[in-house]
Amino acid sequence: MCVFCKIVNKEIPAKVVYEDDLIMAFHDINPQRKVHVLVIPKKHIPSVNDINPEDKEILGHLWVKIPEIAKLLGIDKDGYRIIVNTGKHGGQEIYHIHYHILGGEPVGRMVCK
């Protein structure tokens, strides 16, 4: 079982900022900005490449909730960045799809070389 599934199952503690039947949002243990929260579906979906048509409801719900979570975190007015890493070359470290919300300070420009 992956670390995020263990968090969902309350086997590992997390600083949860939002939770409902389908998703959970909690603070990253290694924050990259002043605010760094992860939003995950409770259903184990390894990566973007593993999304199936039946996941539409869960992931649509997740995207609808992200602005609400940003508001709870107090970063909705000044803005925030959402990042999804996919696969080894995309920087994915935990194979349970997750969305990083970064904010609370300028996150800088996206730079691709």
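This is a predicted model: local features need pLDDT of at least 70, side-chain atom pairs count only at pLDDT 80 or more; totals for chains, interfaces and linings use all residues.
K10, E19 and K42 are linked in a network of salt bridges. A salt bridge here is a side-chain nitrogen of Lys or Arg within 4 Å of a carboxyl oxygen of Asp or Glu. Residues are numbered from 1 along each chain as its sequence is written, and side-chain values use heavy atoms, with hydrogens and water left out.

Let's start with E19. The side chain of E19 meets that of K10 in a salt bridge, 2.8 Å from N to O. E19 also forms a salt bridge with K42, again with an N to O distance of 2.8 Å. K42 sits in the loop between β3 (35-41) and α2 (56-73), while E19 belongs to strand β1 (residues 16-19), so this pair ties together parts that are 23 residues apart in sequence. Helices (H or I, at least four residues) and strands (E, at least two) are DSSP runs, numbered from the N terminus.

How open to the surroundings are these side chains? Buried means under 20% relative accessible area, exposed over 50%, and partly exposed in between (1.4 Å probe, protein chains only). K10 counts as exposed because its relative accessibility is 53%. E19, at 33%, counts as partly exposed, and so does K42, at 21%.

Now look at another pair, D55 and K43, whose closest N and O atoms are 2.5 Å apart in a salt bridge. Both residues lie in the loop between β3 and α2, so the pair ties together parts that are 12 residues apart in sequence. D55 is buried, at 1% relative accessibility, whereas K43 is partly exposed, at 35%. By the rule given above, the count comes to five salt bridges.

Next comes the sheet. Five strands form an open sheet in the order β1-β2-β3-β5-β4, with antiparallel pairing; two strands pair if DSSP finds at least two bridges between them. β1 and β4 (80-83) are the edge strands, each pairing on one side only. From one strand to the next, the twist averages 20 degrees. β4 pairs with strand β5 (residues 99-103) in the antiparallel sense over four bridges, and I83 has H100 in β5 as its bridge partner.

Finally, find α2. This helix packs on the sheet, touching β1, β2 (23-27), β3, β4 and β5, and its direction makes about 155 degrees with that of β3. Contact means heavy atoms within 4.5 Å. Axes are lines fitted to C-alpha atoms, for helices over the stretch in contact, and angles run from 0 to 180 degrees between N-to-C directions.
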